[in-house]
Amino acid sequence: MAADLLIVFTKNGQLGKVKTRLAATIGEHEALKVHRLLSEKTAAQMSGVLSDKIVYYSNDIEVGDVFSTHGFRQEIQHGDDLGQRMNKAFADKFQQGYSSIVMIGTDCPDISKEDIVNAFSELKFKNLVLGPARDGGYYLIGLSSPEEELFTGIEWSTSSVFQKTIDIAQKLQLTVGILPKKQDIDTIDDLKSCDFGKQHFPYLIDQ
């Protein structure tokens, strides 16, 4: 078994179920298009990562999707909230023998293979690595051992997620590596401010 594992957490691409904050502004069909393009970009960017790779879907495995064609194994998330689902994925895979695990979502169009390589490098010397998002969350979390408390008592999808995670890490006396800050795509303002939005959705941005 490889020592390193990359996990991608994603929602199944269902109309009305993805990018709900964006959908409130641009409509459900355009929000689904954003989700699909972000998924395609993430899968392509991560295809060159040499670690094992698993994509975790929110509800159902999508046979023949962009992740499976880029070498990802496929599993389903389990848990009542995002924290429980993330923690279970980490705990299960550490139990299977992985020594370093990095997890990302599909909301950050600028994440690169190099970011993942740097995260795994940090985990050779650190307990935790985080990639802070500009909205106060994080686009990447990596661990060298299970840490359930990092996923407990956090209000997910709020501007306090990153700082709360740092606070818990300090309480646990974990060593922490921080990657460069990047932009997640959750709102129309996010879409307007990034190259991804300008490239794929100029007709929305110009409104």
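Visitor: What makes Lys19 count as buried?

Guide: Happy to start there, with the reminder that this is a predicted model. Lys19 has a relative accessibility of 12%, and buried means under 20%, so Lys19 counts as buried.

Visitor: Where does Lys19 lie, and which residues is Lys19 in contact with, leaving aside its neighbours within four places in sequence?

Guide: Lys19 lies in the loop between β1 and α1. Leaving aside neighbours within four places in sequence, Lys19 is in contact with Ala31, His35, Leu38, Asp107, Ile185 and Asp186. Asp107 and Asp186 turn up again at the largest pocket, as two of the residues that lie nearest its centre.

Visitor: What can you tell me about that pocket, starting with its volume?

Guide: The volume of the largest pocket is about 970 Å³. Its lining consists of 33 residues, and Lys11, Leu82, Asp107, Ser157 and Asp186 are those nearest the centre. Two or more lining residues come from each of β1, α1 (20–26), α3, β4 and β6. With 4 residues, β6 gives the largest share of the lining.

Visitor: Let's turn to the rings. Why is the pair of Phe90 and Phe94 called stacked?

Guide: There are 6 aromatic pairs in the structure. In the one formed by Phe90 and Phe94, the centres are 6.3 Å apart and the planes are at 20°.

Visitor: Are Phe201 and Tyr203 buried, exposed or partly exposed?

Guide: Phe201 is at 0% relative accessibility and therefore counts as buried. Tyr203 has a relative accessible area of 38%. Buried is under 20% and exposed is over 50%, so a value in between is called partly exposed.

Visitor: Which residues touch the most other members of the largest nonpolar core?

Guide: Tyr138, Ile141 and Phe151 do, in a core of 27 residues. Elements giving two or more residues to this core include β1 (4–10), β2 (52–57), β4 (100–104), β5 (128–132) and β6 (138–143). The largest share, 5 residues, comes from α5. Apart from this core lies another, of 21 residues, among them Ala43, Met46, Phe120 and Tyr139. As for Ile141, its contacts beyond four places in sequence include Met86, Phe90, Met103, Leu130 and Phe151.

Visitor: How do you know that the buried residues of α5 line one face of the helix?

Guide: The buried residues in α5 are Val161, Phe162, Thr165, Ile166, Ile168 and Ala169. Looking down the axis of α5, these buried residues fall within an arc of 165°, so they line one face. They pack against β5, β6 and β7 (176–178). On the other side of α5, Gln170 and Lys171 are exposed. After α5 comes Gln173, with a positive phi near 60°.

Key:
Residues numbered from 1 in each chain as written. Predicted model: local features only at pLDDT ≥ 70, side-chain atom pairs only at ≥ 80, totals over all residues. Heavy atoms only, no water. Phe/Tyr/Trp six-rings, centres within 6.5 Å; stacked < 30°, edge-to-face > 60°. Buried < 20%, exposed > 50% of the residue type's maximum accessible area, 1.4 Å probe, protein only. Core = buried A, V, L, I, M, F, W, Y, C linked by side-chain atoms within 4.5 Å. Contact = heavy atoms within 4.5 Å. Arc of directions from axis to C-beta. 1 Å grid on protein atoms, 1.4 Å probe; cavity = no way out; pocket = protein on both sides within 12 Å on 5 of 7 lines; lining within 4 Å. Points joined across faces, edges and corners; volume = space filled by probe spheres on them.
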